[in-house]
Amino acid sequence: MRRVIILLLLALMANASLQTKITESKKAISKTKKQIKGLNIQLSRLAKTIKTLQSELKKIDLKLSNLDESVKRLNQELEKTQKEYESTREEIEKLTKKHSKLKEQLVVAISNSFSKSLLLTSLDEQSQEDVLKEEILKALQKKEDRHLKKISSQFQSNKKRLEKKERDLAALEKRLKKLQQQRSELKRLKLVKAKKIKTLNQKRLRYDRELKRLLAQQKSMEKTLKRLQIIKSQQKTAKSNMKVKKYGSYKKSKTVRYRGPKTIAPLDEFVIIKRYGVYKDPIYNIEIPNENIELKPLKPNAKVKNVLNGKVILAKWTSHLKNVVIIKHGDGLYTIYANLDKLAPYIKKGRKVKKGYVIGRVNSKLIFEVTKNSAHINPLDLIRVK
């Protein structure tokens, strides 16, 4: 009984350990897939960045155009505005001085008027002389009242002019501040534009390098296949709206449908990072045929296996495709393995290899291509993908 319990515990522990390993493997694969997702669209990501930068530059140009027009208009008004500003400041200074002077005169006038009013009310018993004084005081009072009214009117009028000029000055300051802000924004946007243009040029150079590398690989592979008479020069030139000539012409590949049984994949664990078909270049608006698939191994130094029985007709290092192996099978079928980091020691031209034999190893990606009777086949029609 004790032995049975121990065996059960060991089985449970082994199962738990297995589940942990499975979970860790799933996490690792998921992480790798996320990393590979970026590799899958290297050109597309660069193209997207370029498109985004181009869109941002268009928006900046529109803002610059509007802002430049506004600044030009304000610049034309600037000299006039500055003259108005200085003139208004001088006038405010004069009006302020006048305001102070009128204020003093108004205080004196009020004081004089009030004192004469007190004198008039202090005359109780009036003699003939007092009556004469009273008449003189009344005349003076009227004169002082008129003077007070005049000073008061001038004071109020000056006060209104001063307040208006202060409002005008505030408005002029606001206009000058707006002009300064727009000038600063114009300068800032020009700097932003210059930086984005620099980034755009860098991305375009990188994009062009990647595109040239891709096309160099295709041309190298096409040249090799033609030399070995695996494919013939019968393809038609593809139509495109290409505006640039530096990449030359592009040809659509003749494709046939493979209807035979599926076989093993050249890698055990992988992710497809490029599929067979036509690649629409978003920058130059051209169609570039993609005659192979690219497989990213989930482990470094992964084994590359031959997918069908056949005979090696090429096994060599090339400048654009690293190590290339081409195997001839029956019924005019050929499989091509490129970008191998290492070749297996026994893989030589003329060597017969069985299905599943290891022909080399790869780290970053495997380029896999299939042809039949001088036409290309979508490799995914031939191999099984888990």
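In this predicted model, Asp-268 forms a salt bridge with Lys-305, and their closest N and O atoms are 3.1 Å apart. The pair links distant parts of the chain. Asp-268 sits in the loop between H3 and E1, Lys-305 in strand E5 (residues 302–305), 37 residues apart. Asp-268 is partly exposed, at 46% relative accessibility.

The salt bridges number 11 in total. One of them joins Lys-196 to Glu-56, with the closest N and O atoms 2.7 Å apart. Here helix H3 (residues 128–227) is linked to helix H2 (residues 42–122), and the partners are 140 residues apart. Lys-196 is partly exposed, with a relative accessible area of 23%. Glu-56 is partly exposed as well, at 29%.

Another salt bridge pairs Asp-381 with Arg-257, at 3.7 Å between the closest N and O atoms. Asp-381 belongs to helix H4 (residues 379–382), while Arg-257 lies in the loop between H3 and strand E1 (270–274), 124 residues apart. Arg-257 is exposed, with a relative accessible area of 58%. Salt bridges also link Lys-274, Glu-294 and Lys-365 in a network.

Aromatic pairs number 2. Tyr-337 and Phe-368 form a tilted pair, 5.3 Å centre to centre, with 45° between the planes. Tyr-337 lies in strand E8 and Phe-368 in strand E12, so the pair ties together parts that are 31 residues apart in sequence. Tyr-337 is buried, at 0% relative accessible area. Phe-368 is buried, also at 0%.

Tyr-346 and Tyr-357 form an edge-to-face pair, 6.5 Å centre to centre, with 80° between the planes. Both residues lie in loops, 11 residues apart in sequence. Tyr-346 is partly exposed at 30%, and Tyr-357 is partly exposed at 35%.

Definitions and conventions:
Residues numbered from 1 in each chain as written. Predicted model: local features only at pLDDT ≥ 70, side-chain atom pairs only at ≥ 80, totals over all residues. Heavy atoms only, no water. Phe/Tyr/Trp six-rings, centres within 6.5 Å; stacked < 30°, edge-to-face > 60°. Helix = DSSP H or I, 4+ residues; strand = E, 2+ residues; numbered from the N terminus. Buried < 20%, exposed > 50% of the residue type's maximum accessible area, 1.4 Å probe, protein only. Salt bridge = Lys/Arg side-chain N within 4 Å of Asp/Glu carboxyl O.
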